[in-house]
Amino acid sequence: MATEILMPALSPTMEEGTLAKWLVKEGDTVASGDILAEIETDKATMEFEAVDEGTIGKIIVSEGTEGVKVNSPIAVLLEEGENADDIETTEQSTPVPEPLDGPEGRADPAPAATAAPSEEDVPKSNASPDWPEGTEMVTQTVREALRDAMAEEMRADDNVFIMGEEVAEYQGAYKITQNMLEEFGDRRVIDTPITEHGFAGIGVGAAFGGLRPIVEFMTFNFAMQAIDQIINSAAKTLYMSGGQMGCPIVFRGPNGAAARVAAQHSQDYAAWYASVPGLKVVQPYSAADAKGLLKSAIRDPNPVIFLENEILYGRSFDVPKLDDFTIPFGKARIWREGKDVTIVSWGIGMTYALEAAEKLSEEGIDAEVIDLRTLRPVDYDTVLASVMKTNRCVTVEEGFPVASFSDHIASTIMQRAFDYLDAPVITCTGKDVPMPYAANLEKLALTSVPEVIEAVKKVTYR
Amino acid sequence: MAARRSAAKAKPNVSADELKQYYRDMLLIRRFEEKAGQLYGMGLIGGFCHLYIGQEAVVVGLEAAAKDGDKRVTSYRDHGHMLACGMDPKGVMAELTGREGGYSKGKGGSMHMFSREKHFYGGHGIVAAQVPIGAGLAFADKYKGNDNVTFTYFGDGAANQGQVYETYNMAELWDLPCIFVIENNQYAMGTSTKRSTKSPSYWERGAAYGIEGEEVDGMDVLAVKAAGEKAVAYCRAGKGPYILEVKTYRYRGHSMSDPAKYRTRDEVQKMRDERDAIEMVRQMLLTGDHATEDDLKAIDKEIKEIVNESAEFAKESPEPDESELWTDIYAEELPQGEAV
């Protein structure tokens, strides 16, 4: 059967083009791959090759013709045994494939960042005790809690291993992996060379291959070298594979400002990672949360960004003495109940939030303090239920102010609880400057307890 | 040019059936890609579409050296790799058209396809990102103590990326069973290796990391197979990674919108006329009396039918349901089918 050769689309945006030159004439025999014509598109002049073999029976569109629509017939190809008389003129009747829906063809508006509940869905607090009443507690540092979480999970599952710079023989740059090499050996506690991009990618490949890697970054500042593997390879592959390929991996390490290490070692990346679908993002404050959430992270079938803080590593907290203690993602913790204002924070921001709340109570202001604990998924309902009660909200974090996670919380409150607000939400964040080295400037660059107190007074009109 | 160590001279004994199989497998890729180009021209395939025409002997030769359980990962020029490892042409073509019946349910497209069943780990759109991933797959096999190897394919363009060398270092340090296959088709998009790379012999760079390797004639499927078998044996024996720099040639543009201004038409035509991998096997079959013209015509016909069926399927399969927008972002549990 004679085949029509159609005007090809030679770029994603091409709708029509100029048939600049024919390189074959009627009667020529062509094989697949032979160049038939030169076509000028909106971008360039390109060669157009034959797909099938045969004889050029008829040239429909002569060279030099401009504005030839994509998919209109430009020539007819005859198969073996056919001749030009077999050509039926179908120029007008060729069905043009329906254009596929491009992004502009989709009428649906972009849904809100959260699956927004309907009006009648009044948010209810998810906060509940994380362990049974009467559980024996032990005092532990965040550092010890993190180590115990990893060690417990490694004892339970041989597929769990840890790799990173100085995690083995050095016992961890921040001593998080202390004694792990002794217990698990160098098959499972692996020192890497200083090559974040490479070992993050090897971790992703190992996760595709059925293992459950924990990749430690000495700090998340250095994960910038590896962020392509984290975002493009780890976070997106489940979706791009239509659900076939999981990537169960934990990227963890200290994040945010430490002390006097200046701009390149002091950034909080929470908002960056929290903006990426496919990642889960954890930023714990207490030792109990660090332990329970890290165990959940290691068991999670998705890539988890686990943001620790160097300043918090040495802080001690009560940790429940339980054989297998985990904390689920997406469940905030109410550290302090109050009725006058909601202070929302997470990670090291909680140190400012709790201290400010303590001081405010001395002045008769009763603040409710919520620790989000995980930023993706995030427990919107506990925040919204609290704001609907207090009608005021202040957020506290150390990250940069522009496009911060605080902004996301503020906008969610505005969209879902606008009528309940008696004042604008105020976000207390780090300042919009690279972190300075000088001690006095560094202090100014972070948020502070007085700033939080001032913000609370502003929203409570005191 | 540096001294070359190549297994290309030591051609393996190959049966007529095997030869016919390679002919068939290479032809499937070529015809499939020609059809993909055609569907692109009709607007049925969108975005980027990188065809593998000209390079067929690379994947067919290396797959001939693989065993069940071996893994493979590659870049965005991935259709040939998928067909060569036995993935269904219908599922691949339907992914190209962005349909429900595609390997990624239409959510990945030409550059992002996967098959747990066939141990094909993508399909990666970021140049060289698949290199550490391939080493990581090999890491997993070594960790589990099996003797599988991973074929990690990348191009001459990717070969200048830093993460390749980070990976070389760790792969050799940890003796990972990873075969780094550099598909040197001589052009990174429109930049010839001569214009991008001071030292033209990519495989020799392995020496800086202690990795063995060799250059292979990528237009000769038997030479590729022989080199592949050598590399596989080396890796399976636990000796660590191996580099194969396979010299090949891409007949078509980098992607569909390639103005072809960076090389001459004569250069392309000369490769097609004188070095074509499929034609070479065809001549071997005919001159060796392993097959008649009619036998080959029958294969051609069979392939044409498979490709046409895949195109029909890819046109008829519906677009993904709109609810698919919100699925596969997070896994509730690990996808089933252990990747071992």
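This report describes a predicted model of two chains, A and B, taking the parts of chain A, then chain B, then the contact between them.

**Domains of chain A**

Chain A is divided into domain 1 (3-91), domain 2 (137-320) and domain 3 (333-459). Taken over C-alpha atoms, the centres of domain 1 and domain 3 of chain A are separated by 65 Å.

An open sheet of 4 strands in chain A has the order 1-8-6-3, with antiparallel pairing. Strand 1 (3-6) and strand 3 (29-30) of chain A are its edge strands, and each of them pairs on one side only. Strand 2 of chain A pairs with strand 7 and also with strand 4 of chain A. The table sets out three of the strand pairs of chain A with one facing residue pair for each.

| Strand pair (chain A) | Sense | Bridges | One facing pair |
|---|---|---|---|
| Strand 1 and strand 8 (residues 73-78) | antiparallel | 4 bridges | A:Leu6 and A:Pro73 |
| Strand 2 (residues 16-22) and strand 7 (residues 65-69) | antiparallel | 3 bridges | A:Gly17 and A:Val68 |

The loop between strand 7 and strand 8 of chain A holds A:Asn71. A:Asn71 is not a glycine, yet its phi is positive, about 80 degrees. Most residues other than glycine have a negative phi, and most peptide bonds are trans. A:Asn71 counts as buried because it has 22 C-beta neighbours inside 10 Å, where the cut-off for a buried residue is 20 or more.

Is helix 10 of chain A largely enclosed or largely open? Of the 11 residues of this helix (residues 380-390), 9 are buried, so helix 10 of chain A is largely enclosed by the rest of the structure. The buried residues include A:Tyr380, A:Asp381, A:Leu384 and A:Val387. Among the elements that cover the buried residues of helix 10 are strand 18 (341-345), strand 19 (367-371), strand 21 (393-396) and helix 11 (405-417) of chain A.

Both flanks of helix 10 carry a backbone feature. The peptide bond that joins A:Arg376 and A:Pro377 is cis, with omega about 0 degrees. Helix 10 of chain A is followed by A:Asn391, which has a positive phi near 65 degrees.

A:Glu358 belongs to helix 9 (residues 349-362) of chain A. With 13 C-beta neighbours inside 10 Å, A:Glu358 counts as partly exposed. A:Arg336 stands 22 residues from A:Glu358 along the chain, and 9.6 Å separate their C-alpha atoms.

**Chain B**

Chain B contains 11 helices and 8 strands. Its C-alpha trace spans about 55 × 50 × 40 Å along the principal axes. A compact globule of 340 residues would have a radius of gyration near 20 Å, and the 19 Å of chain B agrees with this. Buried residues account for 57% of the 340 residues in chain B. Among contacts in chain B with a separation of 6 or more, 77% are between residues 24 or more positions apart.

An unreviewed UniProt entry annotates residues 25-321 of chain B as "domain: Dehydrogenase E1 component". Over residues 25-321, chain B is 44% helix and 12% strand, with 33 Å between the end C-alpha atoms.

In the loop between strand 8 (242-247) and helix 9 (265-275) of chain B lies B:Ala260. B:Ala260 is not a glycine but has a positive phi of about 55 degrees. With 18 other C-beta atoms within 10 Å, B:Ala260 is partly exposed.

**Contact between chains A and B**

How many residues does each chain bring to the contact? Chain A brings 54 residues and chain B brings 57 residues. On the side of chain A that touches chain B, strand 5 (45-49), helix 3 (196-208), helix 4 (227-235) and helix 5 (237-240) of chain A each supply at least two residues. Helix 3 of chain A gives the most to this side, with 10 residues. By class, the side of chain A that touches chain B has 27 nonpolar, 24 polar and 3 charged residues.

How values were computed:
Residues are numbered from 1 along each chain as its sequence is written. Chains are lettered from A and ligands numbered from 1 in the order in which they are written. This is a predicted model: local features need pLDDT of at least 70, side-chain atom pairs count only at pLDDT 80 or more; totals for chains, interfaces and linings use all residues. A residue is buried if 20 or more other C-beta atoms lie within 10 Å of its own, exposed if 12 or fewer, and partly exposed in between; C-beta atoms are placed from the backbone. Two residues are in contact if their C-beta atoms, placed from the backbone, lie within 7 Å. Ala, Val, Leu, Ile, Met, Phe, Trp, Tyr, Cys and Pro count as nonpolar, Asp, Glu, Lys and Arg as charged, and the others, Gly among them, as polar. UniProt positions are given in the numbering used here, feature names are shortened, and annotations may be inferred rather than shown by experiment. The radius of gyration is taken over C-alpha atoms; the globule rule is 2.2 Å times the number of residues to the power 0.38. Two strands pair if DSSP finds at least two bridges between them. Domain bounds come from an automatic or database domain assignment.
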